[in-house]
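Hi,

Here is the model I promised to pass on. Have a look at it first, and then read my notes below.

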Amino acid sequence: MPTLPASTSVEPYLSFGGRCEDALKFYRDVIGAEIVTLMRFSESPEKNDMPECFQDKVMHATLRIGKTNIMASDGRCEGPSHFDGFSLSIALPDEASADLVFNALAEGGLVTSPLEKVFWSPKFGVLQDKFGVTWMVSVLP
């Protein structure tokens, strides 16, 4: 079995099916995420086989939330994205921050478990944002 260097990281890569730029702006506006990289198909140094209507779409982006990078793109604009089988977990230092982040991410989305006290955290809740990404929001114990 290979031994990976300690500097190895695993970062989620989300394909937003043609809505990447909207998602990036949403995360920037509601939770203060930083858009680190944004490259459109038209900016590729290599010729791409994408239709002309894709040229302004996001080929690759990096979004920083706290110390974490999330990579994203429009993918092939294949329609609504399905983010099944995983969640993004965000841990916040206090209940007031958790309330703000939870409510901001939930706008236009679906709360599946309200933000409330649980045995492992002063507050924990689960929601699906308006792009279909599931978030687990918690307060550090």
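**Strand pairing, then the rest**

Ile65 stands opposite Thr68 in strand 4, where strands (E, at least two residues) and helices (H or I, at least four) are DSSP runs numbered from the N terminus. Before I go on: this is a predicted model, where local features need pLDDT of at least 70 and side-chain atom pairs count only at pLDDT 80 or more, while totals for chains, interfaces and linings use all residues. Residues are numbered from 1 along each chain as its sequence is written, and side-chain values use heavy atoms, with hydrogens and water left out.

Back to that pair of strands. Strand 3 (residues 58-65) and strand 4 pair in the antiparallel sense over five bridges; two strands pair if DSSP finds at least two bridges between them. They form a hairpin with two residues between them, and Gly66 in the turn has a positive phi of about 65°.

Strand 2 (34-40) pairs with strand 3 in the antiparallel sense, over six bridges, and here Leu38 is the residue opposite Ala61. Strand 1 (residues 13-15) runs parallel to strand 4 (residues 68-73), with three bridges, and Leu14 faces Ala72.

Overall, there are two helices and eight strands, in the order β-α-β-β-β-β-α-β-β-β. The C-alpha atoms fill a box of roughly 55 × 40 × 25 Å along the principal axes.

What is packed inside? The largest nonpolar core has 31 residues; such a core is a set of buried Ala, Val, Leu, Ile, Met, Phe, Trp, Tyr and Cys residues joined through side-chain atoms within 4.5 Å. Buried means under 20% relative accessible area, exposed over 50%, and partly exposed in between (1.4 Å probe, protein chains only). Phe16, Tyr27, Leu105, Trp135 and Val137 have the most contacts inside the core. Helix 1 (20-31), strand 3, strand 4, strand 5 (88-92), helix 2 (95-106) and strand 8 (134-139) each supply at least two of its residues, and the largest share, six residues, comes from helix 1. In soluble globular proteins, nonpolar side chains tend to be buried together.

Not counting residues up to four places away in sequence, Phe16 touches Ala23, Tyr27, Ala72, Ser73, Asp74, Ser81, Phe83, Phe131 and Val133 (contact means heavy atoms within 4.5 Å).

Ala106 lies in helix 2 and counts as buried because its relative accessibility is 15%. Leaving aside neighbours within four places in sequence, Ala106 is in contact with Val111 and Leu127. Thr134 is 28 residues from Ala106 in sequence, and their C-alpha atoms are 9.9 Å apart.

Lys47 is in the loop between strand 2 and strand 3, and it counts as exposed because its relative accessibility is 82%.

Last, some totals. Buried residues make up 39% of the 141 residues. Of the contacts with a separation of 6 or more, 52% involve residues 24 or more positions apart.

Cheers
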